[in-house]
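Here's a quick tour of how this chain is put together. Have the structure open as you read.

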Amino acid sequence: MAGVDMLADLSGALFWKEQSLLVVSDLHLEKGSSFAARGVLLPPYDTVATLSRLASVMARHDPKTVIALGDSFHDRTAHERLSARDREAIAALQARRDWIWISGNHDPALPSDLGGIVASEVAIGPIVFRHEPTGAVGEIAGHLHPKARVATRARWMERRCFASDGERVVMPAFGAYTGGLSIRDDAFAKVFRSAAFMAHVLGDVRLHTIAASRCY
């Protein structure tokens, strides 16, 4: 993308080997407890599951730097609901690494007691990391939670995906309880200007690259 090679991990993370940089987006930690407070009861295990998945992908790539692309927490007070064990898990992931929290629309004012640094966006070489996509060349963003609906021989399937046209990327949501927005939605047309982009769909054992125009 924009002259830079990155690995699209099956977990929904991106790894930039040259920079030893791992990128994840839209963790939405404590979404379950947020819903519970409104009377929508979900199993309260989303934060544990999300951090466990993040630990696994970090173990695979051992990055020196991690960027969380915004909406890491589901709401402005989600960090206050983290258990002591979850805080310890986050601290363990950050150990001996640089960690950057990008602020998102769900968590615009991130706390200073969770380690790492907070930024609205970060530029490294030709690449800019931010939460909400603008369509700029060299941009890696999240926010839209892309998913693709594709036909198989037996049925329809909906899966999370990376959306990219080789100049910009919208990353899938990483959080355990995050939903998705169809890449055929008008929101993606505003980012890519046309349907001439690809969905890199997260399959069971590998990614599948499918033209967005073939998805539903």
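## Two helices side by side

First, a term: a crossing is called left-handed if the near helix is turned anticlockwise from the far one by less than a right angle, and right-handed if it is turned clockwise. Keep in mind that what you're looking at is a predicted model.

In this model, the crossing of H2 and H3 is left-handed. The two helices pack at an angle of about 15°, and their axes are 11 Å apart. Angles under 35 degrees count as roughly parallel, so H2 is roughly parallel to H3. On the H2 side, the contact is made by Thr47, Val48, Leu51, Leu54, Ala55 and Met58. H3 brings Asp86, Ala89, Ile90 and Leu93 to it.

## The sheet

Now for the strands. Six of them form an open sheet with mixed pairing, in the order S1-S2-S3-S4-S5-S6. S1 (7-8) and S6 (117-119) stand at the edges with a single partner strand each, so one side of each has no neighbour in the sheet.

S4 and S5 pair in the parallel sense, over four bridges. Val66 stands opposite Trp99 in S5. H2 packs on the sheet, where it touches S1, S2 (14-16), S3, S4 and S5. The direction of H2 makes about 160° with that of S3.

In soluble globular proteins, nonpolar side chains tend to be buried together. Here, the largest nonpolar core has 22 residues, and those with the most contacts inside it are Leu22, Leu54, Met58, Phe73 and Trp101. The elements giving two or more residues to this core are S3 (21-24), H2 (46-61), S4 (65-68), H3 (84-94) and S5 (98-102). H2 supplies the largest share, four residues.

Which residues does Met58 touch, not counting those up to four places away in sequence? They are Leu22, Pro63, Val66, Leu93, Arg97 and Trp99. There is also a second, separate core of 19 residues, with Leu69, Ile102, Val169 and Met171 among them.

## A closer look at Ala13

Ala13 sits in the loop between S1 and S2. Is Ala13 buried or exposed? Its relative accessibility is 0%, so Ala13 counts as buried.

Leaving aside neighbours within four places in sequence, Ala13 is in contact with Leu7, Ala8, Leu22, Val23, Val24, Val57, Phe162, Met171 and Phe174. Ala173 is 160 residues away from Ala13 along the chain, yet their C-alpha atoms are separated by 9.0 Å.

Technical notes. Residues are numbered from 1 along each chain as its sequence is written. This is a predicted model: local features need pLDDT of at least 70, side-chain atom pairs count only at pLDDT 80 or more; totals for chains, interfaces and linings use all residues. Side-chain values use heavy atoms; hydrogens and water are left out. A nonpolar core is a set of buried Ala, Val, Leu, Ile, Met, Phe, Trp, Tyr and Cys residues joined through side-chain atoms within 4.5 Å. Buried means under 20% relative accessible area, exposed over 50%, partly exposed in between (1.4 Å probe, protein chains only). Contact means heavy atoms within 4.5 Å. Two strands pair if DSSP finds at least two bridges between them. Axes are lines fitted to C-alpha atoms, for helices over the stretch in contact, and angles run from 0 to 180 degrees between N-to-C directions. Angles under 35 degrees count as roughly parallel, over 145 as roughly antiparallel, 65 to 115 as roughly perpendicular and the rest as oblique.
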